[in-house]
Amino acid sequence: MSGVDLALYSRQLGTYGLETMSRLGSLRVLISGLQGTGVEVAKNVILAGPSSVTLHDDTTTEMVDLGSNFYLSEADVGVRSRADASVHDLRSLNNYVDVSVFHGLVDSAVIERHDVVVVSNYDRVRCEELSLMCRENKALFIAVNLYGLAASIFVDFGDAFHVKDVDGEEPKTLVVENLNFASPGTLTIQCNEDRRVPLTSGDTVALSGVELFDQTPDNMRLAKSVTDVPLVVTGTTHYSLTVERKAARAVIEGGVAEGGDSVFEPTVVAVSGHVRQLKVGRTLSFRNYQDSCLRPIPEGQDSLALVDFAKFGRAEQLHICTQAILQFSTKEGRLPECGNGDLTKLTNLARSLNSQYKEVSAGGEEKMLSEEEAKLGKPVWVEEVDLGVLEKLARYTDVNISPMCVILGGIVAQEVVKATGKFTPIHQWLYFDVFEVVNGLDYKTADFTPTNSRYDDYIAIWGREWQKKIQDTNLFLVGTGALGCEYLKNFAMIGLGITPNGGMITLTDMDRIELSNLNRQFLFRKEHVGHSKSKTAAEVVKKMNKEAQIKCLEARVGIETEGDIFTEKFWQNLDIVINALDNVPSRLYIDGKCVWHMKPLIESGTLGTKGNVQVIVPRMTESYGDSRDPPEESIPLCTLRHFPNQIEHTMEWSRDLFQGRFADAVQETQNVLKFKEKAIQLLQSQMGEQQLIDTLNRIKALLHIIFPGPTIEKCVHAAIEHFQKLFRDDIAQLLHNFPADHVNNDGTPFWCGSKRPPQPIDFDVKDPLHVQFVIASTNLLADAIGLSASTLDEGVLERVVDQHNFEPFKPRNIVIPTDDSELDSKSQPTSTLQNLMVNEVDSIKSEILSLVTQSGDVATKLVSVDFEKDDDQHIAFVASAGNLRARNYKIPEVPEWKAKIIAGKIIPAIATTTAMITGLATLEMIKVLTRNLVREKNETESVMADAGTAALDRSDSKQVCNGDQSASVLSGRRPLEDYKNAFANLSLPLLLLSEPGSCKQMKSVDYDPIVGGPVRCKPDPFTSWDKVEIMLEPGALVKDLVDQITKKFDTEVSVISAGNVCLYMSYTKDNKLLLPFKQVVEDAAKNKNSDLKVGQGYCVVQACCTDEDGVDVTIPVIKCSYQ
């Protein structure tokens, strides 16, 4: 790949960066073995953008292969090899990657032409040979083996592989507040942070651009920083960090005298500067496949990686058992079966290996290893081989199911990318299993007979009954972006919802396909750009599995579609919901619907190399809303307007500038052209004087471009004037109000810490960044006023610059707030200043009104320009403006692609994480769908839910549980510990599975801090899954509802509310007690601020109650049906 396509890879760039993408573009990859795992690896690697990918698999396609390789068809069965059948679709994923097929034996000559070799489901002898060949040819080697519901990944990156970036995290940059030399042997760096310093002992940092002053500004001296001189953090507190003082001497010139003593007072104030984290690499040593099989724990580690918190020691069991299976297949020339005495042979092999490993480990006794011994790694052994693990491995040795292939495909493809030195590779083994998927399966009665179909591997694992349940499923998939595309492919592979008139996948997505989607939303191609995501995805997936039953929608899931699309009946008919969304409000809405209708939900999300899965089961687990993410932190307004200290501040300011200049100003000008003085009067009623002056000046400037006739030259002049105002005059005004030697009331310098003294910038036509800003601003202005910018060339720009009248800066008499607390109080001008501002408003207003008399039909030609993060012209403006402001404040500038990520608030996304997460989520979905088919009901399951049900039944309430389904049917017979929430960070690498949190209980308490006293729950306890249904007769009064609540819960009702509307308050004179309930609801819904919906025949209400002792009582939410 020559260069990097910034438009195509914009989301991936946020994770890898331009340097890694460039290295990735020269990588040559060989992938051998194209069953499900191999094709998933190939897909993800090709999407990432290496130089070339060579496919190798001469095995003729079989029908069962279609269950995991999504690029095979029935026409390929018995005719073409898996590689030949897959290459066309894999090649179409990325035009920048050379994808080819190799036939024959992979030998040293083949490996010599590649940088990374990946083999899938190879035997041990072949892996040993290839590992050595790769070492001889300086190629990296990865071997992955899948055993149905368990897997292993082996990585050999050579004797000394250097990792440039171990975790992929953005280096932290902190503002220096002051330096403290008082502690012996250390330098304490005080930081201006609102939260704990995000660094730990052992991190490496460097000081940058620090200016110190001692006692008074007259004694200020510059402490220069030497570029990237590392200082190791020795400790941190909430607001500070410490480094070794001796090391700091090399960095702070003039700040430390000979011998390490400070020439300053113990504490000095930093006028400006940063302490920034340095990324420190790491060199890892790997061993070849044969040696690592014997000693799988590498130097520096105590055990194999733990994946599932409920399975301590499982990785060690898997290593011994899989090694036994590999040895068996070598000796016998075939894979083992659970019969014909194979299991006995396997057991003996596994025990023999365990004894061998135990001997190598010197009897398992702990001892101090020599340096040479430590480099050899450690063997693993167990007290007793787990025959249950061994039996399941043997049963599924030649079984490939899509969810497992997807998980492995994501992890292994990420390991390939790590060949660039970005992120820490697996060192050296990763084992995991998901045997809990088939917990409760009755092997004696289940029918595992194959059907000669693409689903035979699934039937081999869980039998025909479970497979039929999957095929009969009615599923709702929300979103067909990166996650949604992967989910749809997974569902097609496992046969979900394929039963005509019985199963169905309903999917919805309002978006259209964009170029930037193609890098990770693998169902789409360049010819699909501009088309519907949901419809296109469905069409492509039906080619993967013609049996797929898919209903496509392009509607938003929200309150506005409850009445006609996503109705009560729609939700009630679903078996499960899968979220593939990227925003919290939509997730919360759908979570609320699932809780209300008692539907299981699988929630998932990704952020670069990080991803998570949450499984939500009615009456068993907590919901998404029970543990929502914290709100996004906002940047203080004064920081944005006057005192930025990070590039994120200047880019956010630039985004606001774009909105004000090309959207708000155009809309305001349109209003003034249409409504004249009335529009200005409206602005006066909404704004303070200074804001009004700025707004009117913005309108006046646009009108002067329009009248008497717009030209491209006028747009250029306006762009230059805008440049001078933003980057020279506004900065000069700030320094006029607060000179460099300005001090606060306490005598400390004003310009210190997070307040960085800026410097004005004059327009220079020879500066490329200046020119970029003017050109982008000119083009956007021309678009907004309906004037083509095609005539803007270098000649026009130079001519206008020569003609432009560059006026000197003239300071104004204005007030500038210094923090957000002063925005309201200090921004109030003095009476004299206010009179001046009123006069200025009148003057601008008169000039505007004199111009708009010429308006004609000009207003109709104005077009508000909304920011679009994938529009090159928009990004050119935002990036140049943000970087120019960064230059004002001596903040390091960023390249345009980085500016796009920051200003566009682009969520970094890569195909590898997306795939892996959907694989994990699909396994949880299968557990949920089969929860009522497991063999035994766990006696302790749903005790809480059943207790709540019993309490509600005693009060003659009816549960809203999808008809008359009981709590046990909703939660199923699977125990909570079978389900797994997941968190992954592929950069480390880290994969953790853990039991979901149980649903939260509302319990009576003796003291509630909010109420200031006791609170009682009825029933005690209950959960967010519990609801009460009350049926009102036609014409029933509010009193009838109050009486029913009083009777059912033995309480006194004080308030009844619905959403954000109060329907009844007992202590008011007009409490509506004797009004018809239906009328009260319909009247409340007419309020413009109400979120009530009418016409659905019921109302969701909450009641505030007290008992006979006057104690507050909390009860479940109520579904009140009134017609």
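Q: Pro-708 lies in the loop between which two helices?
A: Quick ground rules: this is a predicted model, in which local features need pLDDT of at least 70, side-chain atom pairs count only at pLDDT 80 or more, and totals for chains, interfaces and linings use all residues. Residues are numbered from 1 along each chain as its sequence is written, and side-chain values use heavy atoms, leaving out hydrogens and water. Helices (H or I, at least four residues) and strands (E, at least two) are DSSP runs, numbered from the N terminus. With that in hand, Pro-708 sits in the loop between helix H21 (689–706) and helix H22 (712–737).

Q: What is omega for the cis peptide bond that joins Phe-707 and Pro-708?
A: Most peptide bonds are trans. The bond joining Phe-707 to Pro-708 is cis, with omega at about 0°.

Q: What is omega at the cis peptide bond between Lys-1018 and Pro-1019?
A: Pro-1019 is in the loop between strand S27 (1013–1017) and strand S28 (1022–1023). The bond from Lys-1018 to Pro-1019 is cis, and its omega is about -5°.

Q: How many helices and strands are there in the chain?
A: The chain has 1123 residues, and 55% of them count as buried (under 20% relative accessible area; over 50% is exposed and in between is partly exposed, with a 1.4 Å probe and protein chains only). Contact here means heavy atoms within 4.5 Å. Among contacts between residues at least 6 apart in sequence, 74% join residues at least 24 apart. As for the elements, the count is 34 helices and 34 strands.

Q: Is H2 roughly parallel or roughly antiparallel to H30?
A: Helix H2 (residues 36–48) packs against H30 at about 150°, with the axes 9 Å apart. Lys-43, Asn-44 and Leu-47 in H2 meet Ala-911, Thr-912 and Ala-915 in H30. Angles under 35 degrees count as roughly parallel, over 145 as roughly antiparallel, 65 to 115 as roughly perpendicular and the rest as oblique. So H2 runs, relative to H30, roughly antiparallel.

Q: Which residues of H15 make the contact with H14?
A: The axes of helix H14 (residues 482–494) and helix H15 (residues 533–544) come within 9 Å and cross at roughly 30°, which makes H14 roughly parallel to H15. On the H14 side, the contact is made by Leu-488, Lys-489, Ala-492 and Met-493. From H15 come Ala-537, Val-541 and Met-544.

Q: Does Asn-501 count as buried or exposed?
A: Asn-501 is in the loop between H14 and S18. Its phi is near 60°, a positive value in a residue other than glycine. At 87% relative accessibility, Asn-501 counts as exposed.

Q: What is the relative accessible area of Lys-905?
A: Lys-905 is in the loop between helix H29 (896–903) and H30. It isn't a glycine, yet its phi is positive, about 50°. Lys-905 is partly exposed, with a relative accessible area of 48%.

Q: Which residue in S4 is the bridge partner of Ser-32?
A: A seven-strand open sheet has the order S3-S2-S1-S4-S5-S6-S16 with mixed pairing. Within it, strand S1 (residues 28–32) and strand S4 (residues 116–120) run parallel, joined by four bridges. Ser-32 has as its bridge partner in S4 Val-119.

Technical notes. Axes fitted to C-alpha atoms, helices over the stretch in contact; angles between N-to-C directions. Pairing = 2+ DSSP bridges.
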